[in-house]
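The following dialogue works through the reading of a structural model, feature by feature.

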Amino acid sequence: MDRTSEEDSRLLADWESVFRQGLLTFWTFVALSQEGADVGAVKQRIEALTGGTYRPAEQTLYRQLRRHLDVGLVEQTKVPSPMGPPKNVYKLSSRGRRLLRAFARHNIAPFGDPTVQDLLR
């Protein structure tokens, strides 16, 4: 690999890292958009939605869900568990759903533009 290719690989990895961090809320909200789930299921849904390219740590998801719970974007219920303490199940609140739709219209819909689509071909 020549120096330019190595540099390009490093720059691409850095860019993707920043991009992914910014999209964690989006993928979490999409994972919760259909039905509630515990953190393990949210993690699995995100991995499935992204084709396995995004694998957030459960601890990161817990921290993020607590922040969204505090501002009313996510709701939490405790579900009895056959073994151990009750399980925390999270779902989007109506406010969270509204903000997800607005975010998608403003930031995801433009990816359908023909110029962007040409990049994917």
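**Reading a predicted model**

A: Leucine 69 is found in helix α3, which covers residues 58-70. The model is a predicted one.

Q: Is leucine 69 buried, exposed or partly exposed?

A: Burial is read from the relative accessible area, where under 20% means buried, over 50% exposed and anything in between partly exposed. Leucine 69 has a relative accessible area of 28%, so the residue is partly exposed.

Q: Which residues does leucine 69 touch, not counting residues up to four places away in sequence?

A: A contact requires heavy atoms within 4.5 Å. With residues up to four places away in sequence left out, leucine 69 touches Val74, Glu75 and Gln76.

Q: How far apart are leucine 69 and lysine 91 in sequence and in space?

A: The C-alpha atoms of leucine 69 and lysine 91 are 9.6 Å apart, while 22 residues separate the two in sequence.

Q: How are aromatic pairs to be read, and how many does the count give?

A: A pair of aromatic rings is described by the distance of the centres and the angle of the planes. Here the count comes to two aromatic pairs. Phenylalanine 26 and tryptophan 27 form an edge-to-face pair, with 5.0 Å between centres and 65° between planes. Phenylalanine 26 also pairs with phenylalanine 103 in a tilted arrangement, at 5.7 Å centre to centre and 35° between the planes.

Q: Which parts does the pair of phenylalanine 26 and phenylalanine 103 tie together?

A: Phenylalanine 26 lies in helix α1 and phenylalanine 103 in helix α4, so their pair ties together parts that are 77 residues apart in sequence. Phe26, Trp27 and Phe103 form one aromatic cluster.

Q: Are phenylalanine 26 and phenylalanine 103 buried or partly exposed?

A: The cut-off for burial is again 20% relative accessible area. Phenylalanine 26 has 12% relative accessibility and therefore counts as buried. Phenylalanine 103 has 30% and therefore counts as partly exposed.

Q: What is the volume of the largest pocket, and which residues lie nearest its centre?

A: A pocket is described by its volume and by the residues that line it. The largest pocket has a volume of about 470 Å³. Its lining has 15 residues, and Phe19, Arg20, Leu23, Trp27 and Phe111 lie nearest the centre.

Q: Which helices supply the lining of the largest pocket, and what is its make-up by class?

A: Helices α1 (3-32) and α4 (94-108) each supply at least two lining residues. The largest share, eight residues, comes from α1. By class, the lining comprises 10 nonpolar, three polar and two charged residues.

How values were computed. Residues are numbered from 1 along each chain as its sequence is written. This is a predicted model: local features need pLDDT of at least 70, side-chain atom pairs count only at pLDDT 80 or more; totals for chains, interfaces and linings use all residues. Side-chain values use heavy atoms; hydrogens and water are left out. On a 1 Å grid over the protein atoms alone, a cavity is a set of points where a 1.4 Å probe fits but cannot get out, and a pocket is an open set with protein on both sides within 12 Å along at least five of seven lines; lining residues have an atom within 4 Å of a point. Grid points are joined across faces, edges and corners, and a volume is the space filled by probe spheres set on the points. Helices (H or I, at least four residues) and strands (E, at least two) are DSSP runs, numbered from the N terminus. Ala, Val, Leu, Ile, Met, Phe, Trp, Tyr, Cys and Pro count as nonpolar, Asp, Glu, Lys and Arg as charged, and the others, Gly among them, as polar. Buried means under 20% relative accessible area, exposed over 50%, partly exposed in between (1.4 Å probe, protein chains only). Rings of Phe, Tyr and Trp (its six-membered ring) pair if their centres lie within 6.5 Å; planes under 30 degrees apart count as stacked, over 60 as edge-to-face and the rest as tilted.
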